[in-house]
Amino acid sequence: MDTGSDLTWVPCGNLSFDCIDCDDYRDHKLMSSFSPSFSSSSYRDLCGSSSCIDIHSSDNPFDQCTIAGCSLNSLLKGTCSRPCPSFAYTYGEGIVSGTLTRDTLRVHGTSSNPNSIREVPKFVFGCVGTTYREPIGIVGFGKGPLSLPSQLGFLQKGFSHCFLPFKFANNPNISSPLVVGDQAISFKENFQFTPMLKSPMYPNFYYIGLEAITVGNGATTQVPLTLREFDSLGNGGMLIDSGTTYTHLPEPFYSNLLTALRSSINYPRAEDIEARTGFDLCYRLPCPNNNLNSLVTDDFPSITFHFLNNVSLVLPNGNNFYAMGAPRNSTVVKCLLFQSMEDSEEGPAGIFGNFQQQNVEVVYDLEKERIGFQTTDCASAATSQGLHKT
């Protein structure tokens, strides 16, 4: 589920799905999960479709279909009946290639009304046969015309998610709650809402404004203006992105945050682990009997994000430092899962990643153009919504 992209795609094809450099899968060859030839309602999208133009929009939108044999006249009228050419869709570190396909999407009801089923005909998605570092398929939740919210018609309403802690990552019996439509934005009076900023450069993405960060009970560190406003070209702002793992902050503010954390933590540094992992702040913590459950983590200072509109989000305890492996010799190493923003003058000034969104219900109220936060036990929420098989 990716708020930082629009395309929905699934592993696809009549042969095996090829995942290149996918560490999660040893053999790098997976049986495809969807085969168009077995679906009588599935068909390849055409060059005359606006979706075909959208998927190839990084090029001249008519280039690919012109190569495929469409006349300019038929392209301008949207009447070319040739198949939409294969696409390549790029993410931060990965890329996928496939064909734009349509089929009927069946959306099942909530736990309170499980028998309600809605069918969405001609749903457009990527039928992907080969990927690089993208192993399992993505649902695009951006604001563009290809996204799931756009195609299902709740782009003017909203959605919410509550990400489970990473310790549940390999548990097939529980899923993070995801709610779409009216139910996602109703009865949220206890939430803190910050305005959704509009980026003129990336209008399909979700931006918020960060004002300051507080470490523990210490002084609040003001952040650069670029994290809460855009320049004349549309650069800046803080992107909130469920598809980026770690929160990224710009220099020199990021280094100032590390300094504040170092002065508040008394554990010995694990500089060898820092060198090996690329994380900037790692510590060795006592872990009696090599039992992580016996580890006291409250000694790390809290980190509070202050967003526009006086919103203060104290990150849950497990959202800052994470164990880099199993304990050894009654010691465990934990590293800060924040990173420095790549030095670039283009794009967002910072990213609020999904690791810092664990155990936080995040509400995207698209009707009122605001984003809300409330710390929540997402595993309990999953159980109450029937998403935990016992």
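The model is predicted, so local features need pLDDT of at least 70 and side-chain atom pairs count only at pLDDT 80 or more, while totals for chains, interfaces and linings use all residues. Residues are numbered from 1 along each chain as its sequence is written, and side-chain values use heavy atoms, with hydrogens and water left out.

A search of the whole structure finds six disulfides, a disulfide being a pair of cysteine sulfur atoms within 2.5 Å. One of them joins C12 to C127, with 1.8 Å from S to S. This pair links distant parts of the chain, 115 residues apart, since C12 lies in the loop between strand 1 (9–11) and strand 2 (16–20) and C127 in strand 7 (residues 117–132). Helices (H or I, at least four residues) and strands (E, at least two) are DSSP runs, numbered from the N terminus. Both C12 and C127 are buried, where buried means under 20% relative accessible area, exposed over 50% and partly exposed in between (1.4 Å probe, protein chains only).

Another disulfide is formed by C47 and C65, whose sulfur atoms are 2.1 Å apart, and with -95° about the S-S bond this link is left-handed. C47 sits in the loop between strand 4 (43–44) and helix 1 (50–55), whereas C65 belongs to helix 2 (residues 63–67), 18 residues apart.

C162 and C378 are also joined, at 2.0 Å from S to S, and their disulfide is left-handed because the torsion about the S-S bond is about -85°. Here C162 in strand 8 (residues 158–162) is linked to C378 in helix 8 (residues 378–384), 216 residues apart. C162 and C378 are buried. C287, by contrast, is in no disulfide, and the nearest cysteine sulfur, that of C335, is 15 Å away.
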